[in-house]
Amino acid sequence: MEKGSSRPIWSGSISFGLVTIPVRLYTAVREKRLHFRTLHDQDKVPLKQKMFCPADGKEVHPEHMIKGYEIEKDRFVIIDQEELEAAAPKRTKAIEILDFVELEEIDPLFFDRPYYVAPKPEGAKPYKLLLEAMTKTGKVGIAKVVMWNKEYLAALRPLEGALVMETMHFNDEVVPSERVAGLEVKAKVDDRELKMATQLIDSLTTDFKPEKYHDEYREQVMALIERKAAGEEIHTVPTSEKEAGGRTRNLMAALEESLAKSRAHAPPASHAATRARTTRRRKSA
């Protein structure tokens, strides 16, 4: 993170046991999504939405808007702002570590949004102590924190010489796989197919290099926008869509062809691939 590249989005402290560490949170991810405004095609002016009551078709002023929770179709429980504020979590300024766990025990489904945790000047030493202790033990701190009037579950972990806090989903927010239709696969796989698929995975295994992957759609659209902004005339060529519902290829033939192609274009074996093959050989020995 470049110094001065961002402003803190939250200020408070980490607490574990009787230790308090003054810290600030900084955004660790800046999503680069394409945002388009909806314009009037006649004068290219951005359109505005209005709140109106479908019962009488009249526009509603904000002072006549209230909050309601729909408990069943068209039946609402009205909640006042004062009631919401009374039920809001206590406005503490602490990232309270409740437990320490192994990172491998946390399924990635639970992770939401990461933040860099930087110490305030007076918290430098206890911050460094916690960072080194967590690095040495390999543990992750599970904490609760209140930000923007909402309580979050969070994981605090060391990353490249700093602490990162990742907000998490609560257990009842994660949909269990048994509730998802279509995940029960009754097809049988024979040993030969499994061996070929394993070899294909081995041949495609490498070290993770995030800079290798790009949002190609966003890059192409931004290039298009820049060209049009510069006055270039764009000519589009219609593309034929792939025929949907085509016949499934023979599985073994597809595996064999994929494996042959991956071997033909395979770069020198990476550390990760070498480790994976070595581990597999040791287990089978």
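A: Begin with confidence, since this is a predicted model. Over residues 280–285 the pLDDT stays under 50, and for this stretch the model has 2 contacts beyond four places in sequence.

Q: What is the average pLDDT of the protein, and what share of the residues scores at least 70?

A: The average is a pLDDT of 85, and 87% of the residues score at least 70. Residues 242–247, however, have a pLDDT below 50, and beyond near neighbours in sequence that stretch has 0 contacts in the model.

Q: Which residues have the most contacts inside the largest nonpolar core?

A: That core has 21 residues, and those with the most contacts inside it are Ile 14, Ile 95, Val 117, Leu 163 and Met 165. At least two residues each come from β1, β2, β5, β6, α2, β7, β8 and β9, and α2 gives the most, with 4 residues. A second, separate core of 8 residues includes Phe 111, Ile 142, Ala 155 and Met 168.

Q: What is Ile 14 in contact with, once its neighbours within four places in sequence are left aside?

A: Among the contacts of Ile 14 are Val 19, Ile 21, Val 23, Ile 95, Ile 97, Val 117, Leu 130, Leu 156 and Leu 163.

Q: Is Ser 13 buried or exposed?

A: Burial is judged from relative accessible area, with under 20% taken as buried. Ser 13, in strand β1, counts as buried because its relative accessibility is 12%. Leaving aside neighbours within four places in sequence, Ser 13 is in contact with Thr 20, Ile 21, Pro 22, Val 23, Lys 93, Ala 94 and Ile 95.

Q: How many residues does helix α4 have, and how far does it reach?

A: The general idea is that an α-helix has 3.6 residues a turn, so residues three or four places apart point the same way. Helix α4, residues 216–229, has 14 residues and reaches 20 Å from its first C-alpha to its last, close to the 20 Å expected at 1.5 Å a residue. After α4 comes Gly 231, whose phi is positive, near 95°.

Notes: Residues numbered from 1 in each chain as written. Predicted model: local features only at pLDDT ≥ 70, side-chain atom pairs only at ≥ 80, totals over all residues. Heavy atoms only, no water. Expected span 1.5 Å × (residues − 1). Core = buried A, V, L, I, M, F, W, Y, C linked by side-chain atoms within 4.5 Å. Buried < 20%, exposed > 50% of the residue type's maximum accessible area, 1.4 Å probe, protein only. Contact = heavy atoms within 4.5 Å. pLDDT = per-residue confidence, 0-100.
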